[in-house]
Amino acid sequence: MGARWEHFVHGADIGVRGIAPTLEGAFEQAAIALTAVITDPARVVPRAAVEVRVRAPDAEYLLVDWLNAIVYEMATRHMLFARFSVHIAGDALAATLHGEPVDRVRHEPAVEVKGATYTELKVARLDSGEWLAQCVVDV
Amino acid sequence: MDLARFTRVSDYTWRVEPFGRMRVPAVIYASEALMRDMDDKVFEQVTNVAMLPGIVKASYAMPDAHWGYGFPIGGVAAFDPDAGGVVSAGGVGFDISCGVRTLTTGLTLPDVQAVKARLADALYRHVPAGVGSTGNLSLGHDEMDAMLRGGAQWAVARGFGTAADLDRIEEHGRMADAAPGEVSDFAKRRQRDEVGTLGSGNHYLEVQWVSEIYAPRIAEAFGLREGDVVVSIHCGSRGLGHQIGTEFLKAMALAAPGFGITLPDRELACAPIRSELGERYLGAMRAAINCALANRQVITHLARQAFAEVLPDARLELVYDVSHNTCKVETHSVDGVTRRLFVHRKGATRAFGPNHPEVPEVFRPWGQPVLIGGSMGTASYVLAGHEDSEDRAFSSACHGAGRAMSRTQATRQWQGRRLVDDLAAQGILVRSPSLRGVAEEAPGAYKDVAAVVDSADRAGLARKVARLSPLVCIKG
């Protein structure tokens, strides 16, 4: 199977999960899952690019910081993002987010994400050899 | 939840004696039915909190407890700085000082029924709600710091409301010892144009009517009579609080080993109250409390403008404003000894009983108003702090219904448009930018708030005073 994302159940909130052949791909898929909490990613046109850089002590903290960086860019730029290209080197992540300003009619955003959490946080290699990156986000 | 793991102390009190690394017992207040339906994770989380350094007496959970981050939502815990006590960013949560305020309008049900749709439209126009909405204020650096220091007092000084409002807000509308300098530029930037916005999720502004009175004398003291129309606002510190929560959660999780603290769960990230990190968090968190108080004050002003357009005779006067995600320094009697404690309430409302000096004089004989938000389309409740509440859980009560179903399950079960139409047929008008958001917040996705409130009443946490039923709901 190729790169994919899904949501998983958490009592009050929602979990985001990315699975892909590479760690970067799993982070990209988790980011799409994050957007899907808010709106259908297919409705978001990737017409503008935003650069993001984060650094963290391990891959799990890096995932939370990555998702929180997207939350921050969404909140301050009033944008939604649907395409992500991630590059990870050691403890540093550099990425480009592609998206557009929120259009409340076209996107019908359901809910704002407050932040990514350490709940159900996991970045690991599956038996299949694929990478998994997941955590619960607070909405 | 498996009730065999608890000792039943009374009909509404369930206790877990310390085991493993627990320093104190865990106590949950709820009916047997609510206990049976409660998530197993509440057991895990309420017992984890009991392991934290300096915790006093017990780790508590309210009747609406459910799976949270580190602390259960509905968790209460007090820490003593003299006993190595900690302050926990996870114990306050992301939406710092999220809370509820209720206002009387001087109107009765028939006054509003005929113009309900116009009123709903006016409120929806005036009060920014939902993802991507911005307020009319844009705060520069100095004004942002003034807001973070001044809270609702800042808002009133800028013309948003009156001095009389401040008498009806916890901390008189301003949390002391806020430190805007400890709030990062990222957090401030997130808040720049979010002052006076509702947000999304379970946040709302509702027009409601008093549909039942349980304690007539207390209701009268609170200014509530059957048939009265009231307004309730539920929201918090918006992006600023979220960013502070995010940043300090990480800083505390990484610093914990250095403080010799073994965290049973990373989300319980904490630091000693008497540490630089602990003090920095307290300063930032108090600034976020002021942000929430200012936010609800500005929204109140916008609601008054909307009412003035449609119902010029309306007089919106504050009953009270309570926060339910906080850590506050309070004096409590523990086994006959008065102690100064840092009380964390995460999804729990302060419920000071009668004669408490911090309760406004007008309410003092009765206890403070405790405002319990319902879910969209269901009732909300007004309670009063109980004289036994201090002994039960450091003067705390529940805060809402609590979710019973995930957002994904809710969207599978309900369709937004149909829900809006069904509620309209019941006389409840919903205005929201997102039909999916409405479906995720379907009334059926929440626990029965009446059962939660009954448990709080019977457990001696807070006394039931009045029920508020919705007429108009502005959802983010």
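Helices (H or I, at least four residues) and strands (E, at least two) are DSSP runs, numbered from the N terminus. The model is predicted: local features need pLDDT of at least 70 and side-chain atom pairs count only at pLDDT 80 or more, while totals for chains, interfaces and linings use all residues. Residues are numbered from 1 along each chain as its sequence is written, and chains are lettered from A, ligands numbered from 1, in the order in which they are written.

**Stop 1: Cys98 of chain B**

Select Cys98(B), in the loop between strand S6 (86–88) and strand S7 (99–108) of chain B. Is this residue buried or exposed? Cys98(B) is buried, because 29 other C-beta atoms lie within 10 Å. The cut-offs are 20 or more other C-beta atoms within 10 Å of a residue's own for buried, 12 or fewer for exposed, and partly exposed in between, with C-beta atoms placed from the backbone.

Next, show what Cys98(B) touches. Apart from neighbours within four places in sequence, Cys98(B) is in contact with Cys235(B), Gly236(B), Ala292(B), Ser323(B), His324(B) and Asn325(B). Contact here means that the C-beta atoms of two residues, placed from the backbone, lie within 7 Å.

**Stop 2: the seven-stranded sheet of chain B**

Colour the strands S1-S2-S3-S4-S5-S13-S12 of chain B; in that order they form an open sheet with mixed pairing. Two strands pair if DSSP finds at least two bridges between them. At the edges are strand S1 (7–10) and strand S12 (325–334) of chain B, each pairing on one side only. Neighbouring strands are turned against each other by 25° on average, direction ignored.

S1(B) runs antiparallel to strand S2 (residues 13–16) of chain B, and three bridges join them. Pick Arg8(B) and its bridge partner in S2(B), Trp14(B).

Now select helix H2 (residues 40–49) of chain B. This helix packs on the sheet, touching S2, strand S3 (26–29), strand S4 (59–66) and strand S5 (73–79) of chain B, and its direction makes about 155° with that of S4(B). Axes are lines fitted to C-alpha atoms, for helices over the stretch in contact, and angles run from 0 to 180 degrees between N-to-C directions. H2(B) is mostly covered, with seven of its 10 residues buried. Val42(B), Phe43(B), Val46(B) and Val49(B) are among the buried residues, as are Gln45(B), Thr47(B) and Asn48(B). The buried residues pack against S2, S3, S4 and S5 of chain B.

**Stop 3: chain A as a whole**

Chain A has two helices and eight strands, in the order β-β-α-β-α-β-β-β-β-β from the N terminus. Its radius of gyration is 14 Å, close to the 14 Å that the globule rule gives for 139 residues, so chain A is as compact as a globular protein of that length. The radius is taken over C-alpha atoms, and the rule is 2.2 Å times the number of residues to the power 0.38. Along the principal axes, the C-alpha atoms fill a box of roughly 40 × 35 × 30 Å. Of the 139 residues in chain A, 52% are buried.

**Stop 4: strands of chain A**

Select strand S2 (residues 14–20) of chain A, where six of the seven residues are buried. A hairpin joins S1(A) to S2(A) through four residues, and the two strands pair in the antiparallel sense over six bridges. Trp5(A) has Gly18(A) as its bridge partner in S2(A). S2(A) also pairs in the antiparallel sense with strand S8 (residues 131–138) of chain A, over seven bridges; there, Ile14(A) is partnered by Val137(A).

Move to strand S4 (residues 79–89) and strand S5 (residues 92–101) of chain A, which run antiparallel and are joined by 10 bridges. Phe84(A) has Leu97(A) as its bridge partner in S5(A). Two residues separate the strands of this hairpin, and Gly90(A) in the turn has a positive phi of about 65°.

**Stop 5**

Select helix H2 (residues 59–77) of chain A, which has 19 residues and reaches 27 Å from its first C-alpha to its last, close to the 27 Å expected at 1.5 Å a residue. The expected span is 1.5 Å times one less than the number of residues. His78(A) follows H2(A) and has a positive phi, near 55°.

Bring chain B back: 28 residues of chain A are in contact with 35 residues of chain B. On the chain A side, strand S1 (4–9) and H2 are the elements giving two or more residues. H2(A) gives the largest share, five residues.
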